[in-house]
Amino acid sequence: MNPLGLLTLVALLGVGFAVPSTTQRTVSSHLTAQDQERFAKVFSEGLKSSDLQSLYYASANVALPAGDVTSTCKRLFTLHGESKLNDFEKNFYIIGARKNFGCKEPLPAKVESAVKAALTKDASTAQEIYYNFHSAKLAGLTVDEKVRTTLGKNLQTVLKKDDSLTSLGHGFAVAAELGSAGAFAYDRIEEAFVQADEVDGRMLQFEGGLSITALIVNGGFKLATSLSKPAPITAEQAVKFATYFLSRASVQTPKGVSVLLEALKLLATQKTIAPVCIRLADNGQLLPESPVLSVRVCDLLGKPLSPALAALSTTIVSRTSSDALVSKVNLVPSKDDPTLFTYSLKSASPTRGLYRVDIEAAPSYRQQLQVSVLGKVRVSSLEIGVGDTDSAASSVKRNSVAYPSKFANVLHADSQQKVVLKTVLLDDASGKPISVHQAFVLLRQKETRQEIIFVAETDSSKAYKFEMDVGARAADFGHKSGPYDVVLIVGDALLSNSFQWHLADLELKFAVSEGQQLGASTDALSSRKPLPEIVHQFRAPEKRPPRFVSDLFTALCIAPLVILFGLWAKLGVNVKNFPLSLGALGFHLGLGAILVLFGIFWLRLNMFETIRYLIPLALFTFICGNRMLRKIARGGSDK
């Protein structure tokens, strides 16, 4: 191998092994039945599409209903004639779709002749070679060894000039069909794959997205397979490419879905490096009464592995204490679902908490999962009472309430008192006090349903306490006196029986006047009503002056002109020396037109419209004025 090839190989291997991983030849997702249903819908919509490319890729993946063949074939030929694609590309689509649909109409003569001619002349791009070659195959034209050799030489020349990812991808796909004439392209595979971008240390993709990535992966594998060469990527890189393809399962175009499925099917068939999916079959929450670990093992398409795994073992370790719950135990395959493996942890008596699940399977699969074993909480004791604000909490008389009942009497508290609550929560399995993520005391006004939530804090004995000074908290309640529900809320991600407990009724009385209380009540009610609809309004026009002021201003503007004409009439206007020439007439007419334009601008035009008319008028007036002055100057010099 040349030095460049050695360097690219080292870099390629570096991409795959730069980041250590807790997995080996495994991914955490696969195509689901919902994905397959959505893909079928995309292809079904593609059959109705007016896009030639979408129609071809849909035809390659789903069958057309027999009753729609005639109309669809007619639409296919119409779309081909209207398509703006390159001739070689749209010819490929019509030939392929026509064959897939089983159209009886013959190919247009110019299409068939164009494909035949393309095999005998050199193409300028790898894409053109790709489409022309596959068009000839789909059309049933003979592609003999001489033609393959010619195409191979043409492709080699093209790839020397253009080594972009798109060109290399199409080149690999063609070279895979040319036999020995395309063997030269295998040395370019390293050059292409080394350009893959790594994303988050989990995925590999090429610039250009799904289409380019699938094109290079599919073409590279097909070329290596046709030449009986090893796979062009490592097992670790296959995992990262598969992870990328699975992340694009939401693609919505027929071409995208088609190339995605082709890439995943190809990776799934590479037995030496093919990744498999090992994931939890449920949400990963194990119930205390039946802690059963369920793991799903399948290929990238969600199908059972063939051959099936000989054994699937697991080691489960507590994330809190790092103690092993079970070690190297075999999961039991399901009789009804070949992708499902289970193991009951009942005998291991797992305690509430988070666990790491290490899965291993022969020959070389390893995956790390996370599960949580849920527990149950029970209320050991709860006491609630009302006492004076300045009294110690320990001296307040308290009433015990048993879960889940409610205290029979209504508690009363005014602004000089406080409400105290204490409860102890126990783990149902161990009987020990536990801490939970959420422990709240909710007070809800019975009439307005307004809610105030307080956080219950733990003390040194892990008991939860709540204490509220009624007077100090009056503003939080909007000074709304009246009956309130007292509710204890307990929740945790590791509890299977989180609860809300209405434990007592409480009558609060705040030191506030009746008017203030009514206002607070009105505010509370209005805060829960819909706000007025926001309607966009343009700024209102500014107020115009009175009509008298406008008329007076107009008269003052016209007055100088009236005075001018009056003085001319009184003194007499000397027009004997007015030069009768085109320049003089044009100048005065242009000047008058400009004055008229200003008047129209004042009445109805805007600034931009006025400028559009003013420019030619001003230019005309300037030229005429210049000629007039030159004539006057010549006349004066003659005298």
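The paragraphs below walk through the domains, cores, pocket and backbone details of a predicted model.

Residues are numbered from 1 along each chain as its sequence is written, and side-chain values rest on heavy atoms, with hydrogens and water left out. Because the model is predicted, local features need pLDDT of at least 70 and side-chain atom pairs count only at pLDDT 80 or more, while totals for chains, interfaces and linings use all residues.

The chain is assigned domain 1 (30-273), domain 2 (277-373), domain 3 (377-508) and domain 4 (573-638); such bounds come from an automatic or database domain assignment. Between the C-alpha centres of domain 2 and domain 4 the distance is 96 Å. Residues 31-268 are 65% helix and 3% strand, whereas residues 276-373 are 0% helix and 54% strand. Helices (H or I, at least four residues) and strands (E, at least two) are DSSP runs, numbered from the N terminus. The end C-alpha atoms are 12 Å apart in residues 31-268 and 26 Å apart in residues 276-373.

What lies inside? In soluble globular proteins, nonpolar side chains tend to be buried together. A nonpolar core is a set of buried Ala, Val, Leu, Ile, Met, Phe, Trp, Tyr and Cys residues joined through side-chain atoms within 4.5 Å. Buried means under 20% relative accessible area, exposed over 50%, and partly exposed in between (1.4 Å probe, protein chains only). The largest nonpolar core holds 91 residues, and Phe 101, Phe 241 and Phe 245 touch the most other members. Helix α13 (residues 254-268) is its biggest contributor, with eight residues. Domain 1 and domain 2 each provide at least three residues to this core. A second, separate core has 38 residues, among them Ile 434 and Phe 510.

Helix α3 (residues 52-59) is mostly covered, with seven of its eight residues buried. Those buried residues pack against α2 (33-47), α4 (69-82), α5 (87-101) and α13, where contact means heavy atoms within 4.5 Å.

One of the buried residues of α3, Tyr 57, also belongs to the group closest to the centre of the largest pocket, together with Tyr 130, Lys 222, Val 259 and Glu 262. On a 1 Å grid over the protein atoms alone, a pocket is an open set of points where a 1.4 Å probe fits, with protein on both sides within 12 Å along at least five of seven lines; lining residues have an atom within 4 Å of a point. The volume of the largest pocket is about 820 Å³, counted as the space filled by probe spheres set on the points, which are joined across faces, edges and corners. Helix α11 (210-226) gives the most to the lining, with seven residues.

Most residues other than glycine have a negative phi, and most peptide bonds are trans. Cis peptide bonds join Ser 306 to Pro 307, with omega about 0°, and Tyr 403 to Pro 404, with omega about 5°. Ser 322 counts as exposed because its relative accessibility is 57%, and Lys 328 lies in strand β8.
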